[in-house]
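Student: I'd like to learn how to read a model like this one. Could we go through it together, a feature at a time?

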Amino acid sequence: MELGRVEGTIVSTAKVDRLHGQKLMLINLVNPDIKPTSNYVVAVDSVGAGKGEIVLVVRGSSARQTQSMQNVPTDASIIAIVDSVELKGKILYNKAKG
Amino acid sequence: MRLGKVVGKVWATVKDPQLAAVKLALMEVVDENQTGTGKILIAADTIGAGDGDLVFWVSGGEAVRAFPDKNIPSDVTIVGLVDHLNVSAS
C-alpha cells in the first residue's frame, strides 16, 4: 500500500454502470514524511475520506477485495484513513496534531 | 517474494472492515545484501514483525490471500520472518 493525500473529488456523470454510486477521489501519493510526490492516482473511496486527509491506497486487483468493491472496475482504492505514521521510532505524522 | 526490513508502523482507526485487527507496517524494500533500496511501502503484517526485522513479502493479488480465513484488500503483505539468510560467498 501507499500513503496519499486526498486533493479533491472527481465528478463524472458518464461512467460505466458498475462505478455508479462510488466516490472517486484524486490522490497525491506522498512519502512517509507526508512530503508530496509527483505521482497522482484516481481512487475509489470505501471508507469516507475527506479532502486533505492522509489515506492508504491499495492498487491492482487487491483494490477490488473490499466488500463494497466486488466487481467494481477499479485498480486503486482508499482502504484506510491514517491516524499516524512512525518511522524508526519517530512520529512523522499525527492526524490529531495536523 | 522479496525481502524487506520493517522500519516503522502506520495506525489507522477508520479502515476497511476486512483490515480490522490487521497490523500495518512501514517496510523498506532491501536487496539480497539487505541494503535498503530507499523504497518504503506500507504492508499488511500477518506475523507480528517488529522494527528492524528482516522479512519476506508478497505483492499484487497474492497479498490478498495471506490469511487463512479471509481475503484482505492489500497489495503488499508480509508473510514470513527471516531467521537466517545463507548465501555462499563464491
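Tutor: A residue is buried if 20 or more other C-beta atoms lie within 10 Å of its own, exposed if 12 or fewer, and partly exposed in between, with C-beta atoms placed from the backbone. Strands (E, at least two residues) are DSSP runs, numbered from the N terminus. This is a predicted model, where local features need pLDDT of at least 70, side-chain atom pairs count only at pLDDT 80 or more, and totals for chains, interfaces and linings use all residues. Residues are numbered from 1 along each chain as its sequence is written, and chains are lettered from A and ligands numbered from 1 in the order in which they are written.

Student: How many residues of β4(A) are buried?

Tutor: Five of the six residues in β4(A), residues 54-59, are buried, so the rest of the structure largely encloses this strand.

Student: And which strands pair with β4(A)?

Tutor: Two strands pair if DSSP finds at least two bridges between them. β1(A), residues 2-10, pairs with β4(A) in the antiparallel sense over four bridges; there, Glu2(A) has Val57(A) as its bridge partner. β5(A), residues 76-81, also runs antiparallel to β4(A), joined by five bridges, and Arg59(A) is partnered with Ala76(A).

Student: Where do the two chains touch?

Tutor: Residues are in contact if their C-beta atoms, placed from the backbone, lie within 7 Å. By that rule, 27 residues of chain B are in contact with 27 residues of chain A. On the chain B side, β1(B) gives the largest share, five residues. β1(B) also pairs with β6(A), residues 84-87, in the antiparallel sense over four bridges, with Glu86(A) opposite Lys9(B).

Student: What does Ile42(B) touch?

Tutor: Leaving aside neighbours within four places in sequence, Ile42(B) is in contact with residues including Met1(A), Glu2(A), Leu3(A) and Leu56(A), as well as Val10(B) and Val76(B).

Student: Why do Ile34(A) and Gln34(B) get their exposure labels?

Tutor: Count the C-beta neighbours inside 10 Å: Ile34(A) has 14, so it counts as partly exposed. Gln34(B) has 12, so it counts as exposed.

Technical notes:
Two residues are in contact if their C-beta atoms, placed from the backbone, lie within 7 Å.
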